[in-house]
Amino acid sequence: MKYLLLTLPLLLAACEKPAPTASAPRPALVVTVGEQTAAAPIILVGEIRSRYESAQGFRINGKIIERNVDTGAVVTKGQLLAKLDSMDTGLSTQAAQAEVRAAEADLALAQAELDRQRQLHASKFISNQALDIQEAQFKAAAARVKQTRAQAAVTGNQSRYTQLLAERDGVVTRVQAEPGQVVAAGEPIVRIAVPENKEVEIAVPESRMLGIAVDVPAEIRLWANPTTVYKGKVREVAPAADNLTRTFQVRVVLLDADDSVRLGMTAGVRFYHQDTKDFLLPTTALTQREGQSVVWVVNPTNGEVQPRTVQAGAFREDGVLIAGGIQKGEQVVVAGVQTLIPGQKVRATPLRSQP
């Protein structure tokens, strides 16, 4: 009996449940509001082009018999670029000149006949009607002379159009026809660009047009030489988007281009948004709770998280803009926000590599 009394307290102690231990806070990746600037840069890729560039072609149809320039050739205004076969145009010019001479002969005959008719009319040998008929014939002959001369001038121009001359000083960037080829009027033969006026032509998507306007500054880096930064500014913005690509064509002038900037090179253009009071957070920090946009804010005193309703703004490639609801310096959870519950304790771990 004495033995049972001694072991009874031990048995009762063994039956008691152990006191529950507090669960360890779960780790959570967080960012500090205001660390990531909302004025993130926009980088777009374009091609070095000349501001003044034109594709030149013949103004008449014909067969090319001569091409005097190659790609890369430096040309001056008025220099002969290519030539068409001028046999047909030469014959047409001769025919037009012959028509002019025939019309002039008819005019001379009509003039002599009109002089005789006027003398006879002065002597009362012919009527007024006869004189009027002769004067009308003289005027018709004079009109035919003007007509044939105009036609001869047009034909002469056609003969001169067999020579393709450079419209400006520049460099040939492309040759699109060869001798022996029959070309149509207006078909591009060579493309000439002015190398002194270099620009970057870029296609800007609709989502990145914010803040891009004429005279907005930019930084330009060549893929061939990424260590050198060139200054630039927007010169031209297309008023409407392209029907196929739905992008806006933008031209950025290089203000300090050197000889290493060559036409056709690939370049990256960096723009900066204007200053904004919005905060930029990773898109993973934003979630929906009871139909509202919320973020989970960490209490720095006890490590508890609470949902906070915020005003979400525009979504960008680098995150989402928050217009209101949070303050600078607060910590916001950016991973696993769907599994959090109000009042849950977390161990905040700063996110070093933010999107």
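Guide: Strand β4 (residues 62-67) and strand β9 (residues 182-183) run antiparallel and are joined by two bridges. This is a predicted model, where local features need pLDDT of at least 70, side-chain atom pairs count only at pLDDT 80 or more, and totals for chains, interfaces and linings use all residues. Residues are numbered from 1 along each chain as its sequence is written, and side-chain values use heavy atoms, without hydrogens and water.

Visitor: What makes β4 and β9 a pair?

Guide: Two strands pair if DSSP finds at least two bridges between them, and β4 and β9 have two bridges. Gly62 stands opposite Val183 in β9. The strands themselves are DSSP runs (E, at least two residues), numbered from the N terminus.

Visitor: How do you know that β4 pairs with β6?

Guide: Three bridges join β4 to strand β6 (residues 80-84), and the two run antiparallel; the pairing rule asks for at least two. Ile64 faces Leu84 in β6.

Visitor: Why is Thr287 called buried?

Guide: Its relative accessibility is 13%, and buried means under 20% relative accessible area (1.4 Å probe, protein chains only), so Thr287 counts as buried. Thr287 lies in strand β17 (residues 287-289).

Visitor: Which residues is Thr287 in contact with, beyond its neighbours within four places in sequence?

Guide: Contact means heavy atoms within 4.5 Å. With those neighbours left aside, Thr287 is in contact with Gln292, Ser293, Val294, Trp296, Val337 and Gln338.

Terms used: Helices (H or I, at least four residues) and strands (E, at least two) are DSSP runs, numbered from the N terminus. Buried means under 20% relative accessible area, exposed over 50%, partly exposed in between (1.4 Å probe, protein chains only).
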